[in-house]
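The sequence and structure are shown first.

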Amino acid sequence: MTVTDPAAQKPRVVSGAQPSADSLHLGNYIGAVRNWVQMQDDYETVYFIPDLHAVTVDYRPEELAHRTRVTAAQYIAAGIDPEKSTLFVQSHVPEHAQLAWALNCITGFGEASRMTQFKDKTQRYGNDAATVGLFAYPTLMAADILLYQAGLVPVGEDQRQHLELTRTLAQRFNHRFGETFVVPEGMIVKETAKIYDLQNPTAKMSKSAESPNGLIQLLDDPKVTAKKIKSAVTDAGTEIRFDRENKPGISNLLTIHSTLSGRTIPQLEADYEGRMYGHLKVDLAELVTSFITPLRDRTNELLADPAELDRILAHGAKRAREIASVTFKDAFEKMGFLPLAGGF
C-alpha cells in the first residue's frame, strides 16, 4: 500500500511489501521498489516491512526473521536511503497492532466477511484453513494507513476494496468519537511496466509461480539468472515485435529490456529487426545480470552485518513511532481509555 499525507511539509508516502520470500523478484522491483526510490526526493517517505501481515497464513518463525532482514537489506541495496526515508519493521511499532484492535471493535462481522480476498482464500482452502488474523487483515491494513494520517492512497486494484473499508472505518470513528483520522482518498498510480513469468508469459511474475524458472530473483546467482532468461518461453515465428496478445513471450522480454535499458519498445524493435530470438535473449541476460549483480552484492554485504542492519531498522522504528504515537494517543483517549501516567 502507498499513502500520502497532504498536511506534511512534503506529502507523506507510506508503503510496504510482505517478507514472504527469500528474495524479491524483478517484478517487485519494477512494480514497486523502483518507484519508492524515486519518491524519496519529492515526498516524506515511510517504508515498512509488514511482518504482522505475514503471519496471517502458515509460516515458519525462522524463515520470517530471515526474510524480514533480507527484505530490508534489498530495499536499502535497491536505493532506499535510511537517512531520507523512515524504514522499519511493522511489529517494532506496536501502535499498528493496537490501533487495529480498536478498529476491529468498530468493524461489522458482515462487512469484514465481504472482503474479496478473504472470501477467495476460504473458498479455495476452506474455512478451517483461514485464521482470525487473515479475517482481520483489512483492519490491520487500515491501521497502517490511518496511523500516518494519510490523505491519498495509491493502491492496486486488488487492494481497492480494503481502501474503501479504511475510509468507512475512519468516517465511523470520527462520527462516534470525534474528528481523529484523515479520511484517505484513492489515488491513480502512474502505470508501471508489468513483468510476466518467463515460463508462462500470460501470468504476472509472482513468488507463487508454479515453477521457479519463471522468476528473475534479485538474489539468484547471475549464471542462474542468465540461464532462466535464455530458457524463457517465446512464441511462434521469428519477428521480434511487441504484441501482447499474439506474442506474449517476446513482448515480456522486450518490456524487461526497455525498463532496464531505458530504450523504448519501438527503438528495440528497430534494433532487433531481422535478428533472431536468441540475440534478444543473450543481450537481455547480460543486461539483467549487470543490473542485479551490484544489488545482490550490496544485499549480501548488509546481511553479513545483521547488528548494523538491526540498528538501522531500530532507528527507523523510533522515527515511525514519533508519528504513529501521536495519532494513537489521540484515538485511544477519545475512545475513553485511561491514559498511562507519562503517556500511552
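## Nonpolar cores

The largest nonpolar core holds 47 residues, of which Y75, L198, I216 and I256 touch the most other members. A nonpolar core is here a set of buried Ala, Val, Leu, Ile, Met, Phe, Trp, Tyr and Cys residues joined through side-chain atoms within 4.5 Å; buried means under 20% relative accessible area, exposed over 50% and partly exposed in between, with a 1.4 Å probe and protein chains only. Helix 13 (residues 277-303) supplies the largest share of this core, nine residues. A second, separate core of 35 residues includes F88, A142, A317 and F328.

Leaving aside residues up to four places away in sequence, L198 touches M205, N213, G214, I216, K228, I229, A232, V233, N252, L253 and I256. Contact denotes heavy atoms within 4.5 Å.

## Basis of the model

The model is predicted: local features need pLDDT of at least 70 and side-chain atom pairs count only at pLDDT 80 or more, whereas totals for chains, interfaces and linings use all residues. Residues are numbered from 1 along each chain as its sequence is written, and side-chain values use heavy atoms, with hydrogens and water left out.

## Packing of helix 11 and helix 13

Two packed helices are described by the angle between their axes and the distance between the axes. For helix 11 (residues 248-261) and helix 13, the angle is about 40° and the axes are 10 Å apart. Axes are lines fitted to C-alpha atoms, for helices over the stretch in contact, and angles run from 0 to 180 degrees between N-to-C directions. Helices (H or I, at least four residues) and strands (E, at least two) are DSSP runs, numbered from the N terminus.

Helix 11 and helix 13 are therefore oblique to each other; angles under 35 degrees count as roughly parallel, over 145 as roughly antiparallel, 65 to 115 as roughly perpendicular and the rest as oblique. Their crossing is left-handed, a term used if the near helix is turned anticlockwise from the far one by less than a right angle, with right-handed used if clockwise. Helix 11 contributes I250, L253, L254, I256, H257, L260 and S261 to the contact, and helix 13 contributes Y277, L280, K281, L284, L287, V288 and F291. These contact residues divide into 11 nonpolar, two polar and one charged. Ala, Val, Leu, Ile, Met, Phe, Trp, Tyr, Cys and Pro count as nonpolar, Asp, Glu, Lys and Arg as charged, and the others, Gly among them, as polar.

## Packing of helix 4 and helix 8

The axes of helix 4 (residues 95-104) and helix 8 (residues 137-146) come within 8 Å and cross at roughly 120°. Helix 4 and helix 8 are therefore oblique to each other, and their crossing is right-handed. From helix 4, H96, A97, L99, A100, L103 and N104 meet T139, L140, A142, A143, D144 and L146 of helix 8. The residues of this contact comprise eight nonpolar, three polar and one charged.

## Individual residues

Helix 8 also contains P138, which is buried at a relative accessible area of 5%. P138 touches M115, H162 and L165, not counting residues up to four places away in sequence. M141, likewise in helix 8, is buried with a relative accessible area of 2%. M141 and L163 are 22 residues apart in sequence and 8.5 Å apart in space, C-alpha to C-alpha.

G274 lies in the loop between helix 12 (265-271) and helix 13 and is exposed, with a relative accessible area of 78%. The C-alpha atoms of G274 and P339, 65 residues apart along the chain, are separated by 73 Å.
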